[in-house]
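I opened my notebook to record what I look up in this structure.

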Amino acid sequence: MVMAVTSGEQDAPEVALPVTEDGLLLNGMRRRWRHRGPVRFLPLTSIAPPFMAETWNDLVSEGNEGQVVDDMRLLIPEIDSIHFLTASRTVRGGIVVGQRGGGTRIPLGSFGDGMRRLLLLRLALAGNNAKCILVDEVDTGLHWTVMASMWRLVVEVAKRSNLQVFATTHSFDCIRGLASMIKNHPELADEVSVQKVDPSLRRAVSVEGPDIPVAVERGVEFR
């Protein structure tokens, strides 16, 4: 189940969650969640936590890195391979991608800041021990035109990996992209819902997946 959580209060007080360097909630916080495995938190930042390279190493060792490359093609159709550089001062972030047809591999950042965030999100979903993923502002760095593809990636990977994803956003374009994804892939509609969270409400307002496109077309205010 993927839940897009929208906040109706821009100035709501921040809640501090203690996390480890690899983005996992500390033991005391995990017990508040009904999941056997650890909860992974992906904060609003462009800085890659240690788990990014470590997860990639695990995928390579298991021979599963090709699936990540395939998923990233939803937004970069020409991508052929992904490579983490062990040390580099000249290549941004130490991640380069190969393109179909060969040629010089180029920095991932050349496709925009959103692509690095997307890869970070995809690798968070690939964590072997994670059963629940918390993503702050899931649309960060992504243009509105790729929102539907981003949601398809998140929902398909979560379903395939038996993960539960809670993603927050303040962007109506992000919700519109979710609605577009559901219309184009109705088989995924039952995997998602939108929860409007507002301090003035006693409980969150829930919109189930099949109803999201209709709500968007009618101009329902989710935020």
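The entries below go through strands, core, loops, charges and cysteines.

**Entry 1: the kind of model**

I note at the start that this is a predicted model.

**Entry 2: strands 6 and 7**

I began with a pair of strands. Strand 6 covers residues 132-135. Strand 6 and strand 7 run parallel, and four bridges join them. Which residue of strand 7 stands opposite L134? I found F166 there.

What lies between the two strands in the β-α-β unit? I found helix 5, residues 147-161. Strand 6, helix 5 and strand 7 form this unit, and the unit is right-handed.

Three strands form an open sheet, in the order 3-4-5. Their pairing is antiparallel. Which strands stand at the edges? Strand 3 (79-84) and strand 5 (106-107) do. Each has a single partner strand, so one side of each lacks a neighbour in the sheet.

I checked one pairing in detail. Strand 4, residues 95-99, pairs with strand 5 over two bridges. I looked up V97 and found I106 in strand 5 as its bridge partner.

**Entry 3: the core**

How many residues are in the largest nonpolar core? I read 55. Four members touch the most other members: I82, L119, M150 and I212. Helix 5 gives the most to this core, with nine residues.

Leaving out residues up to four places away in sequence, M150 touches L75, L118, V138, L142 and C174.

I kept a general point in mind: most residues other than glycine have a negative phi. I looked up two residues that go the other way.

E137 has a positive phi of about 50°, and it is not a glycine. I located E137 in the loop between strand 6 and helix 5. Is E137 buried or exposed? E137 counts as buried, because its relative accessibility is 15%, and the cut-off for buried is under 20%.

N162 has a positive phi of about 60°, and it is not a glycine either. I located N162 in the loop between helix 5 and strand 7. N162 is exposed, because its relative accessible area is 59%, and exposed means over 50%.

**Entry 4: a residue in helix 2**

I picked D58, which is found in helix 2, residues 51-62. D58 has 38% relative accessibility, so it counts as partly exposed. I also compared D58 with A126, 68 residues apart from it along the chain. Their C-alpha atoms are separated by 9.5 Å.

**Entry 5: salt bridges**

Side chains of opposite charge can pair when their charged atoms come close. How many salt bridges does a search of the whole structure find? I noted six.

I looked up D70 and R73 as one of the pairs. Their closest N and O atoms are 2.4 Å apart. D70 is partly exposed, with a relative accessible area of 39%.

I then looked up R122 and D71, which meet in a salt bridge at 2.7 Å, N to O. This pair links distant parts of the chain. R122 is in helix 4 (residues 113-125), D71 is in helix 3 (residues 65-72), and they are 51 residues apart. Both R122 and D71 are buried.

My next pair was R152 and E156, with 3.0 Å from N to O. These two are four residues apart in helix 5, so about one helical turn separates them. R152 is partly exposed at 28%. E156 is partly exposed too, at 23% relative accessibility. I also noted a network: salt bridges that share partners join D71, R122 and R160.

**Entry 6: cysteines**

How many disulfides does a search of the whole structure find? I noted zero. C132 is buried, with a relative accessible area of 0%. C174 is buried, with a relative accessible area of 0%. C174 is also one of the residues that M150 touches.

Notes:
Residues are numbered from 1 along each chain as its sequence is written. This is a predicted model: local features need pLDDT of at least 70, side-chain atom pairs count only at pLDDT 80 or more; totals for chains, interfaces and linings use all residues. Side-chain values use heavy atoms; hydrogens and water are left out. Two strands pair if DSSP finds at least two bridges between them. A crossover is right-handed if, with the strands pointing away from the viewer, the path from the first strand over the helix to the second runs clockwise. A nonpolar core is a set of buried Ala, Val, Leu, Ile, Met, Phe, Trp, Tyr and Cys residues joined through side-chain atoms within 4.5 Å. Buried means under 20% relative accessible area, exposed over 50%, partly exposed in between (1.4 Å probe, protein chains only). Contact means heavy atoms within 4.5 Å. A salt bridge is a side-chain nitrogen of Lys or Arg within 4 Å of a carboxyl oxygen of Asp or Glu. A disulfide is a pair of cysteine sulfur atoms within 2.5 Å.
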